Amino acid sequence: MSSSRPKVLIWGIAGASLGLEIAKSLAKDGGFDVLGADISPQAYGHYSDLFKQTFVLNGVSFLSDVFKILSGEQIDFLIAGGDVVARVCAGIEEDVKAAGAVYVGNNEATVKTCADKHLCFDLLSRQGIPCPPTHLLSETGAFSYDATYPIIVKPRIESGGSRGISILYNADDLHSFASLHADDANSWICQEYLKDSTNELTIGVLSQRDGTAAGSILLRRTFQNMLSVHDRGQEHLISSGSSQGEFFRDGDIEAAAMQIADAVGSSGPLNIQCRLKNGVIMPFEINPRFSASTYLRALAGVNEVSLFLNHLLSGSPIRYPVPSEGLALRSFAECFVPSQQDAG
């Protein structure tokens with residue numbers, strides 16, 4: 001590693017993306033030179049002063065382009081700026097190391113487990129972690145004779161940010177959906193809809209490289225504006241990937257979240273989406289990466305990105321700070337790009 005400021009490459013810097021929230025977190029604490037890369041020349045990050053330099057990746061040979069940047073720019077750390085990139089990076093960790101950099105994320109086994117919701121919730125259930133009943137669409141009988149409606153149907157893989165989610169109110173809805181997807185029924189999961197949207201939480205758990213959870217931070221989500229709402233009906237509310245609300249402390253919930261991180265073998269950043277049911281946290285989505293709320297957490301005193309990078313640099317245990325309690329709000333940012341200005 002070079003003696004100058006460590007260089008960080010964030011792969012994925014679109015507007016309102018995880019990559020930009022990571023860049024804002026790094027800018028807040030300083031100490032790193034931050035570069036960005038994205039396949040789109042219209043990615044917001046190309047025109048943001050958060051980055052020392054950005055690169056437009058070829059849409060076909062993007063992986064080769066990333067490795068050229070890692071070696072050519074002598075990058076020390078590579079961070080994924082989105083779900084798809086995180087799954088790609090988890091599988092090329094050794095190649096990143098050979099290029100002289102360190103991938104900053106969770107381990108490949110945890111990423112693969114959490115990416116497959118059927119595997120993930122089966123694992124949690126077998127370890128005694130409370131979670132909503134979750135079945136493959138091909139197992140609709142498990143719900144057909146159970147009065148636990150409505151239920152959520154979502155892709156088994158890649159439903160982050162509530163992509164592809166439907167809500168079904170009765171057995172007729174379920175059978176219609178199952179008939180429509182008879183050929184790919186194992187690609188969908190059915191899950192109990194947790195009704196209390198006033199107790200939806202997004203929880204960050206930061207684990208160290210040895211798998212020990214260093215701490216967690218709790219945000220109770222609010223849905224006053226559409227930025228945080230994916231879909232709303234008379235009997236349901238499905239949140240979007242843009243969290244805002246109130247940071248608070250609860251030792252029992254923090255401990256339960258760290259137990260979930262341990263159950264999935266986390267050794268890095270982990271984000272848990274859950275609702276409380278009878279006072280117990282019930283996870284419905286687990287993402288083994290930094291959260292799109294990571295900058296809000298930094299504002300509340302827990303800069304997960306900076307904490308984890310310094311843990312990797314020093315090899316020392318993470319000294320997890322006490323999160324501040326208070327309201328966290330967000331909005332859009334805009335920019336104008338003159339027609340003669342190029343990306344990168």
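Helix α3 (residues 83-90) contributes three residues to the lining of the second largest pocket, the most of any contributor. Helices (H or I, at least four residues) and strands (E, at least two) are DSSP runs, numbered from the N terminus. Before we go on, please note that this is a predicted model, in which local features need pLDDT of at least 70 and side-chain atom pairs count only at pLDDT 80 or more, while totals for chains, interfaces and linings use all residues. Residues are numbered from 1 along each chain as its sequence is written, and side-chain values use heavy atoms, leaving out hydrogens and water.

Back to the pocket: its volume is about 170 Å³. Among the residues that line the second largest pocket are W11, D38, F62 and V88. By type, this lining holds six nonpolar residues, three polar and one charged.

Now for the loops. S243 sits between β13 (237-239) and β14 (245-248). Is S243 buried or exposed? S243 is buried, because its relative accessibility is 2%, and buried means under 20% relative accessible area (1.4 Å probe, protein chains only). The side chain of S243 also forms a polar contact, at 3.3 Å, with the side chain of R221. Such a contact is a pair of N or O atoms within 3.5 Å; within protein, one must be able to donate a hydrogen and the other to accept it, and residues adjacent in sequence count only if both atoms are side-chain atoms. Not counting residues up to four places away in sequence, S243 touches several others, including T202, S293 and R330; contact here means heavy atoms within 4.5 Å.

L137 lies in the loop between β6 (134-136) and α7 (141-144) and, at 1% relative accessibility, is buried. Leaving aside neighbours within four places in sequence, L137 is in contact with residues including L174, H181 and W188. F177 is another of these contacts; the C-alpha atoms of L137 and F177 are 8.9 Å apart, although the two are separated by 40 residues along the chain.

Finally, the cysteines. How many disulfides does the whole structure have? The search finds zero, a disulfide being a pair of cysteine sulfur atoms within 2.5 Å.

Key: Buried < 20%, exposed > 50% of the residue type's maximum accessible area, 1.4 Å probe, protein only. 1 Å grid on protein atoms, 1.4 Å probe; cavity = no way out; pocket = protein on both sides within 12 Å on 5 of 7 lines; lining within 4 Å. Points joined across faces, edges and corners; volume = space filled by probe spheres on them. Nonpolar A, V, L, I, M, F, W, Y, C, P; charged D, E, K, R; others polar.
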